[in-house]
Amino acid sequence: MSDASLWTALADPHRRAIVALLLERPRPVGEIGEACGLSQPSTSKHLRVLRDAGLVRVRQDAQRRVYALDPAPIAALDAWLAPYRELWNRRLDRLGQRLDETSQDDTPHPTPKD
């Protein structure tokens with residue numbers, strides 16, 4: 001599993017939809033395809049990409065293949081994004097402060113009465 005394969009796997013909107021479904025609970029292939037409006041071959045191709053990237057695990061349940069989300073790669077992505085999240089939080093805080101200052105400067109001041 002490489003960072004590039006994670007990003008590539010998550011770049012496709014169908015695969016992101018599959019990840020969102022699996023966030024709720026493990027699901028068999030047929031249910032995933034039906035929920036995403038995909039054919040069985042297309043669903044299998046997307047699941048293979050997600051599995052190769054390490055984002056999902058598969059287990060055999062009688063005749064069905066049941067897929068589940070593997071949280072480890074998601075945690076790695078979250079850790080990678082943390083510094084960028086902090087950067088944006090600081091910038092948004094500064095923007096909020098500046099907007100507060102600007103709105104205070106624009107407040108009409110009462111004029112003295114004669």
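Author: Let's start with Asp78, which counts as partly exposed because its relative accessibility of 42% falls between the 20% limit for buried and the 50% limit for exposed. Keep in mind that this is a predicted model. Asp78 has a charged partner: it forms a salt bridge with Arg85, and the closest N and O atoms are 2.8 Å apart. Arg85 is partly exposed as well, at 38% relative accessibility.

Now look at helix 5, which covers residues 71-105. Here Glu86 and Arg90 sit four residues apart, about one turn of the helix. Why does that spacing matter? An α-helix has 3.6 residues a turn, so residues three or four places apart point the same way. The side chains of Glu86 and Arg90 meet in a salt bridge, with 3.8 Å from N to O. Glu86 is partly exposed at 41% relative accessibility, and Arg90 is partly exposed at 40%. Elsewhere, salt bridges that share partners link Glu24, Arg25, Arg27 and Glu31 into one network. One of its pairs is Arg27 with Glu31, whose closest N and O atoms are 2.7 Å apart. Arg27 is buried, with a relative accessible area of 6%, whereas Glu31 is partly exposed at 26%. The structure holds seven salt bridges.

Back on helix 5, there is a nonpolar side to the story too. Trp7, Trp80, Leu81, Tyr84, Trp88, Leu92, Leu95 and Leu99 make up a nonpolar patch on the surface, and together they have about 840 Å² of accessible area. Helix 5 supplies the largest share of this patch, seven residues. Leu99, which lies in helix 5, counts as exposed because its relative accessible area is 51%, and the cut-off for exposed is over 50%.

For contrast, turn to helices with a buried side. The buried residues of helix 3 (residues 29-36) are Val29, Ile32, Gly33 and Cys36. These residues cover an arc of only 95° around the axis, so they sit on the same side of helix 3. Gly30, Glu34 and Ala35 are exposed on the other side. What covers the buried residues of helix 3? The cover includes helix 2 (13-24), strand 1 (27-28), helix 4 (40-52) and strand 3 (64-69). Just after helix 3, Gly37 takes a positive phi of about 70°.

Helix 4, one of the elements covering helix 3, holds His46. His46 is buried, with a relative accessible area of 10%. Its side chain makes a polar contact of 3.1 Å with the side chain of Arg15. Leaving out residues up to four places away in sequence, His46 touches Asp12, His14, Arg15, Ile18 and Leu38.

Finally, here is the wider setting. The chain has five helices and three strands, and from the N terminus they run α-α-β-α-α-β-β-α. Of the 114 residues, 27% are buried.

Conventions
Residues numbered from 1 in each chain as written. Predicted model: local features only at pLDDT ≥ 70, side-chain atom pairs only at ≥ 80, totals over all residues. Heavy atoms only, no water. Patch = residues over 30% accessible without salt bridge, like charges linked within 9 Å, V, L, I, M, F, W, Y side chains within 5 Å. Areas by Shrake-Rupley, 256 points an atom, 1.4 Å probe, with all protein chains shown as cover. Salt bridge = Lys/Arg side-chain N within 4 Å of Asp/Glu carboxyl O. Helix = DSSP H or I, 4+ residues; strand = E, 2+ residues; numbered from the N terminus. Buried < 20%, exposed > 50% of the residue type's maximum accessible area, 1.4 Å probe, protein only. Arc of directions from axis to C-beta. Contact = heavy atoms within 4.5 Å. Polar contact = N/O pair within 3.5 Å; in protein donor to acceptor, adjacent residues only side chain to side chain.
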